[in-house]
Amino acid sequence: MKFVDIIQTASSNMLRSKVRSFLTILAIFIGAFTLTLTNGIGAGVSSYLDNQLGNIGAEDMLIVTAQTSDPISSGPEEYDPDQSFAATGPISMQMIGTKDLEKIRDTDGILSVEPQITPAPDFIEGSNGKKFRITVQSHIEGINAEIASGKPLDANSSDHQLLVTKTYAETLGFTTESAVGKTVSIGVTSPANGQQIVEARIVGVLEQSLISSTAGGQSNTTLSQAIYDIQTTGLPESQKGQSPQVIARIAPDATEDEVQSIKDDLSELGFAGATLDDQIGIIKQVIDAIVLVLNFFAGIALLAASFGIVNTLFMAVQERTKEIGLMKAMGMRSSRVFTLFSIEAIMLGFWGSLLGVFLGMGVGKIINNVAADSFLKDFPGFELLAFPTTSIATIVLIIMTIAFLAGTLPARRASKKDPIEALRYE
Amino acid sequence: MTNTDTVIETRSLTRVYGKKENEFVALNGVNISINKGESVAILGKSGSGKSTLMHLLALLDKPSGGSVVIEGQDASKLPKKQVDRLRNDTFGFVFQQFFINANDTVLSNVILPLKIAGISRRERTRRGLEVLKAVDLLEKAKNKANNLSGGQKQRVCIARALINNPSIIFADEPTGNLDSQTGQKIEDLLFKLNKDKEITLIIVTHDDELAARCDRQIRIKDGSLIKEADTEKGVSSEVR
């Protein structure tokens, strides 16, 4: 029998008992539908995170922090007068000083090091004359946040450039569009000279984002340095040049092993290095774990569905005993009989998964639209569910494989039928 | 002994069912030889072993002892794949219970052996219509098999048995489910094919009238041949 004929025969066999086939397909459909949605959430959140963290172009970055020993496992640490801590609320952060910076720079594989300074302005003042508190993040080259209007910061510019969030743009008396190009005043307190004012130009307005929502704005290196200089004037030398983390650049094409060996070297010096991937990795792990649990439930649905396939096909084999006997008497080979029933099983899986995947994608689109208008309103570009073609194809293929495996049992029984017994069967 | 015209012959064919104390000898050392173009009736009461003999001749069953030789080839020495092919292109089957798929069209029932053989759709349809014409059912080709009368159904079976140009047609009680008038027509059709196309006809029956129309009768009782008589040729075949 030709393969085309087998497919055609299997498909018309499937349609012979429509209700039974439909119910089996429905069971598979439920599993496929669930899998599509759970994987959709996983893919949607992951791709959003990737975008938000500006993954593109920052592969050469290693964020280095001082390694803090865990007081529970290693006991209290001895006091070291050379090390300083910045106390921010309940969390005390170990700082990296100028000496440390050199040590890091001398590590094999590290091309350059730049301290990430932490500007701490008192307030920001816009066109309406009111002063507002603001937290400003110093811009890291290579990580570009999404911009709603204007343009991104220029790392090499000698001007004081600032990005503000939409909320700040409005609070300061502008709109998202009109804020671009406006000059604002930033107040900074110097320990030696008291409060001083730095002027900065808003070059763009940031999209609201889950990741950087704590900060009200981003400053370019020049502005960060200007603010930092003021806030550290008059401080004792030992407290200058301290930063909680430094940005080390490594070769962009470094292999995982090379990155790991740099991390190990840093660890010996008492620093912890993390690539951007490592940092995203933690969030991704959590999401992957959630998706895994959800997929587990979809898996149970599919397991139940596969028993449905076994049952349906056993009944079909029973009903078609004579027909199988006749075909075998007429010279149909056992392997072809097996293929015929296996294909029927795969078809049940195919239609069930196709229906599930398409309806899942449809429902996903609706959820995305509803979410975009409600709880994700402030996060443009955040598609809660994403459906990459590969993962959709994978779902369909996996389900077809499950269906095939479920079908082997009845298909085997059909292929083992003795034509004489089958023809005698009433 | 084996002459060139022999299409099928058996050598001390034995079939035993069950094991040890439950052992039942259905066929005990049967030797027959059937020539090309012959029509042979296998007669016997139910349980005599006539169906067992036909199943063995048609290679649907494996003998416990002895062998079936088809066109000079010992079937027991052939690989399974080739046995399947032999059944597909050398044999045609006509059954008492028809065994047609009621929901399929007449044409698709008839072309089943060609579909199994892997012949293209166009060729299948062409030959399907040809054999339907031969059994006078051309106008029913697109009808559902379910809507046919008993005689028409059996003609569909004959068309199906004919489609691969077989050298042997096995008919198991071909008229058993038909009234005598319709049965007569089916018999006429089978014997006409036997004459015109020189197809060897092996009919299993307990109908003496039908058996009498055959060239030769093979009578079986308790698994052994009891008598072999020629009605037409007048030549007595040897009974070993």
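**Exercise 1.** In this predicted model, determine which residue forms a salt bridge with Arg249(A), and where in the chain the two residues lie.

*Solution.* The partner is Glu114(A), with the closest N and O atoms 3.5 Å apart. The pair joins distant parts of chain A: Arg249(A) belongs to strand 13 (residues 245-250) and Glu114(A) to strand 4 (residues 110-116), 135 residues apart. Next, consider accessibility. Arg249(A) has a relative accessible area of 11% and is therefore buried, as the cut-off for that class is under 20%. Glu114(A), at 29%, counts as partly exposed.

**Exercise 2.** Identify the residue with which Arg15(B) forms a salt bridge, and decide whether Arg15(B) is buried or exposed.

*Solution.* Arg15(B) pairs with Asp61(B), and their closest N and O atoms are 2.9 Å apart. Strand 1 (residues 6-17) of chain B holds Arg15(B), whereas Asp61(B) lies in the loop between helix 1 (50-57) and strand 5 (65-70), so that distant parts of the chain are linked across 46 residues. Arg15(B) is buried at 15% relative accessibility, and Asp61(B) is buried at 14%.

**Exercise 3.** Describe the salt bridge between Glu123(B) and Arg126(B), and state which residues form the network to which they belong.

*Solution.* The closest N and O atoms of this pair are 3.2 Å apart. Both residues lie in helix 5 (residues 121-134) of chain B, 3 residues apart, or about one turn of the helix. Glu123(B) is partly exposed at 26%, and Arg126(B) is partly exposed at 46%. The network of salt bridges links Glu123(B), Arg126(B), Arg127(B) and Glu130(B).

Technical notes. Residues numbered from 1 in each chain as written. Chains lettered and ligands numbered in written order. Predicted model: local features only at pLDDT ≥ 70, side-chain atom pairs only at ≥ 80, totals over all residues. Heavy atoms only, no water. Salt bridge = Lys/Arg side-chain N within 4 Å of Asp/Glu carboxyl O. Helix = DSSP H or I, 4+ residues; strand = E, 2+ residues; numbered from the N terminus. Buried < 20%, exposed > 50% of the residue type's maximum accessible area, 1.4 Å probe, protein only.
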